[in-house]
Amino acid sequence: MDTSAILFYVISVFLVLSSLMVVFLRNVVHCALALVVALFLIAVLFVMLHAPMVGVLQVLVYAGAIMVLFLFVIMFLNPTAAEPRRKPWWILGSLGALLLAGGLAALFANGEAPADPVAATEMFGSPELLGKSLFTDFVLPFEIASVLLLVAIIGAVVLARREP
Amino acid sequence: MVAPTQTVATVDLLRWMPLIPLLASLINVFFGTRLGRKASGGLACAAVLASFSIALYIFWLLPATGIFRDTVYTWFESGSFQVKLSFQVDALTAVMLLVVTGIGFLIHIYSLGYIGHDEGMIRFFVYLNLFIFFMLLLVMGDNLLVLFIGWEGVGLCSYLLIGFWYQDHTNTIAGNKAFIVNRIGDFGFMLGLLLLVTELGRQGVWTLDFMELQKHVNLLSPDKITLITLLLFVGAIGKSAQIPLFVWLPDAMAGPTPVSALIHAATMVTAGAYMTARLHFLFVLAPGTLSLIAVIGAATAFFAATVALTQNDIKRVLAYSTVSQLGYMFIAVGIGAFSTAIFHLFTHAFFKACLFLGSGSVIHALGGEQDMGKMGGLRAYLPTTYWTYLIATLAIAGAPFTSGFFSKDSILWQAYSRPHGSTELWFVGWLTAGLTAFYMFRQLFLVFHGQCRADDHVKAHIHESPAVMTLPLVVLAAGSIFAGWLGAPEYLWGSRWDQWLQPTFGGLHEAAHGSETDEINLTLLTLAIGALGFVFAYFAYGRASKLPDRLASLAGGGPYRLLLHKYYVDELYDFLIVRPFTYCSRWLAQVFDPEVIDGLVNAVAKGARGFSLIWREIQTGNVQHYLAGFLAATLALLAYFLNQQ
Amino acid sequence: MVPLDHYLILAAVIFAIGVIGVLVRRNLIVVLMSIELMLNAVNLTFIAFSRYLGSMQGQVIVFFVMAVAAAEAVIGLAIVISVFRHRQSLDPQEMQLLKW
């Protein structure tokens, strides 16, 4: 068991914990913070998996921009009403999710996946390689993604504005 | 069987025989009112005269063993099954043609006088010409389907003409009855026809042509032939008013008298006998059916004669008489004496038409009176009518050397002496002959002799019919005497008739087995009972007598009432068949259809609605519920794929 | 080295936890956050595969997923704001007008 393996298991434990916190805590702000932690831990996993560029993006975009947006909206709305909780609903939901996890795990852990990763080149996961893919093979989705973001901005402005 | 020497020739003239009356009918339909009554009536008569002329010409041209054929076009083709609209004239058809067009023509002339003042005169001639068209189709068709078209068509015209005076509801009901009862018979006919086609088809022969059928009839098994002939005979029972489907004919007297004369005496009702004669090769192979035909014929003959004894309406007596005489024809058919049956058909057409037209003359003279109780002594007022009526009565009663004498005696002799005949059949026929003489002379005496019992204002207007009506009477009376001379027995001057029809019926005319002495003895017996009938009628009705009343009140009046009410057959049918049927129909219409069938349809709709009412509850509007559904589906898919692994 | 299966199982667990949140919580914002959690689980799967199969395509996909997730979060939150203005509530179970 080398260090990366140990690191992986430790991170996964914390990841699961913080995910559970996101779902189970009562206070919305606490949930948001737990989510930030989870996202950060996932970014670490990305880096471990030789995807430094994506990992950095995760921190910048996800944990940085999106979560800030979430917190912004939470503060803006300042909801005071306590959230009602119903036990049976929770039990059923947990059961369903458990089944889902179990099913997916059974599906994945069939021993067909490669145990060892392919020998990684130096450039694997680097911005250069990612950029090259994006601007050659995937240039069309890239451009459409930018249009999508534009539309999202406009949409958000329109949806959220106060009626004149 | 067809004699091997029969020749077939194509004659295009044949199609004009039915076509001309059809055209005349159509012209009268569309332009009748514009032509005016005289012209349209004249057109109708001229059309039938034209057909009669062509018929005469064809008759003259037709060689002894020949067949004329005229194919108009192919009606339909289905694989190897071809049906053509095609006419054929052989010896049998030639005879029928002369009867239909000849007597038809005379009746058309008569109608000019009888219906001439009626509002619907043009309509009458339209229907009458249409009838001639269909009847010609029937007798000239060279395959069973064309015959059937004619068969159905004459039924239609019969309905139209019985209900001619439709303003009176009883007439339309009578027309309905005729058509419906006929239809029952036609159903059997159709089944027989279809069975014939399919059974022959099973053997690889697809045809309904008479000549083809005759060639291939041996391919069928005897059972099948018996069934087919039975079914076809059911059609004849309906059309020719035999037991049990005779009930429409007396009611059909609601139509004008020329109609009764033409359709319900001379032509349409004889179609049944014609059909069996035409298909003799089939019937000969089904001895079971033939026995049944003979028995039904005999029963009908006797039964109808007994009813005729008591009837008071002048046309009703003649109607039952027709049923009775038709029974004789079927006795002849049943014993295999087909040409004799057609011979009786021939002579019957003359004297029955004469009788009916004569009764029409009487009714016309009395301003519409049909009850014989209100007649009497008309001999003085209507001489021509009386003498022709007398001659026709003598003919039907079988007075010596009248046509009826020859034809009826021939039937009785054949019934006695043929291997297929029996003494019982002869006996019934013989008794019926006596009854026939009695009731016909009863009618003659009641109507023409004694005191005139009509109301005074009617009496004042009694007048002999115009020439246009009496001339046909005279011609028909002459026919009633001389037409029968064609079929005299061997011990007199021999039968031209059988000779003429021999090619059609081939070797069927087995010589009757019996000596000449027997034949003469039987004839004398028949004459004896006929004379007895006459004498009885004379003493009961020829002179003022209490005999009728004493007879009527015999045994408490029961038998008399039974006969007067025609054995209550109509009431029986009404009770057994009509009522349950209408009850079922009403139930179906008022209960079954709205509640069950509509209910079923509505139930489907209600079910769909109910179903959707339940299922729409799924759409709760709560997104998380929908997502739960997603999860469930995903889990199901997961389970499926895990199973696959 | 950690076998790929373990990464995949981890991602599955995170995904399932996200599912609980989406299904059960009655605060719209938390629901949206749970969706983000699910998306991230998927991203993790993609990156793991990308590493173990040696293909850059997985990372490219993740790139796009992030872009779309950002757009979706923005719109989602805009809707939440709009709804809150009308109903003063963030409970999805109170927004059931679009039903039978």
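Residues are numbered from 1 along each chain as its sequence is written, and chains are lettered from A and ligands numbered from 1 in the order in which they are written. Because the model is predicted, local features need pLDDT of at least 70 and side-chain atom pairs count only at pLDDT 80 or more, while totals for chains, interfaces and linings use all residues.

Of the 645 residues of chain B, 50% count as buried; a residue is buried if 20 or more other C-beta atoms lie within 10 Å of its own, exposed if 12 or fewer, and partly exposed in between, with C-beta atoms placed from the backbone. Among the contacts in chain B with a separation of 6 or more, 80% come from residues 24 or more positions apart. Here two residues are in contact if their C-beta atoms, placed from the backbone, lie within 7 Å. The domain assignment of chain B gives domain 1 (293-563) and domain 2 (569-644), and the bounds come from an automatic or database domain assignment. The centres of these two domains of chain B, taken over C-alpha atoms, are separated by 67 Å.

The interior comes next. A nonpolar core is a set of buried Ala, Val, Leu, Ile, Met, Phe, Trp, Tyr and Cys residues joined through C-beta atoms within 7 Å. The largest nonpolar core has 201 residues, and those with the most contacts inside it include B:Phe131, B:Ile331 and B:Cys354. Helix α4 (residues 121-140) of chain B gives the most to this core, with 18 residues. Apart from it lies another core, of 78 residues, with A:Ile42, A:Tyr62, C:Ala12 and C:Val74 among them. As a close-up of one residue, B:Ile331 touches B:Ala294, B:Gly297, B:Ala298, B:Ala301, B:Ile411, B:Ala415, B:Leu425 and B:Gly429, not counting residues up to four places away in sequence.

How do two helices of chain B pack together? Two packed helices are described by the angle between their axes and the distance between the axes. The axes of helix α3 (residues 91-114) of chain B and helix α15 (residues 338-365) of chain B come within 11 Å and cross at roughly 5°; axes are lines fitted to C-alpha atoms, for helices over the stretch in contact, and angles run from 0 to 180 degrees between N-to-C directions. That makes α3(B) roughly parallel to α15(B), since angles under 35 degrees count as roughly parallel, over 145 as roughly antiparallel, 65 to 115 as roughly perpendicular and the rest as oblique. Residues of α3(B), including B:Leu92, B:Val99 and B:Tyr114, meet residues of α15(B), including B:Ile342, B:Ala353 and B:His364. The residues of this contact divide into 12 nonpolar, 2 polar and no charged. In this grouping, Ala, Val, Leu, Ile, Met, Phe, Trp, Tyr, Cys and Pro count as nonpolar, Asp, Glu, Lys and Arg as charged, and the others, Gly among them, as polar.

Some backbone details of chain B also deserve a look. A cis peptide bond, with omega about 0°, joins B:Ile243 and B:Pro244, and B:Pro244 lies in the loop between α8 (222-239) and α9 (248-251) of chain B. B:Tyr567 is not a glycine, yet has a positive phi of about 60°. B:Tyr567 sits in the loop between α24 (558-564) and α25 (569-615) of chain B, and counts as partly exposed because 13 C-beta neighbours lie inside 10 Å. B:Tyr568, also not a glycine, has a positive phi of about 55° and is placed in the loop between α24 and α25 of chain B. With 12 C-beta neighbours inside 10 Å, B:Tyr568 counts as exposed.

Finally, the chains meet one another. In chain C, 59 residues are in contact with 69 residues of chain A. On this side of chain C, α3(C) gives the most, with 20 residues, and the residues divide into 45 nonpolar, 9 polar and 5 charged. Between chains B and A, 8 residues of chain B are in contact with 8 residues of chain A, and the chain B side has 6 nonpolar, 2 polar and no charged residues.

Key:
Helix = DSSP H or I, 4+ residues; strand = E, 2+ residues; numbered from the N terminus.
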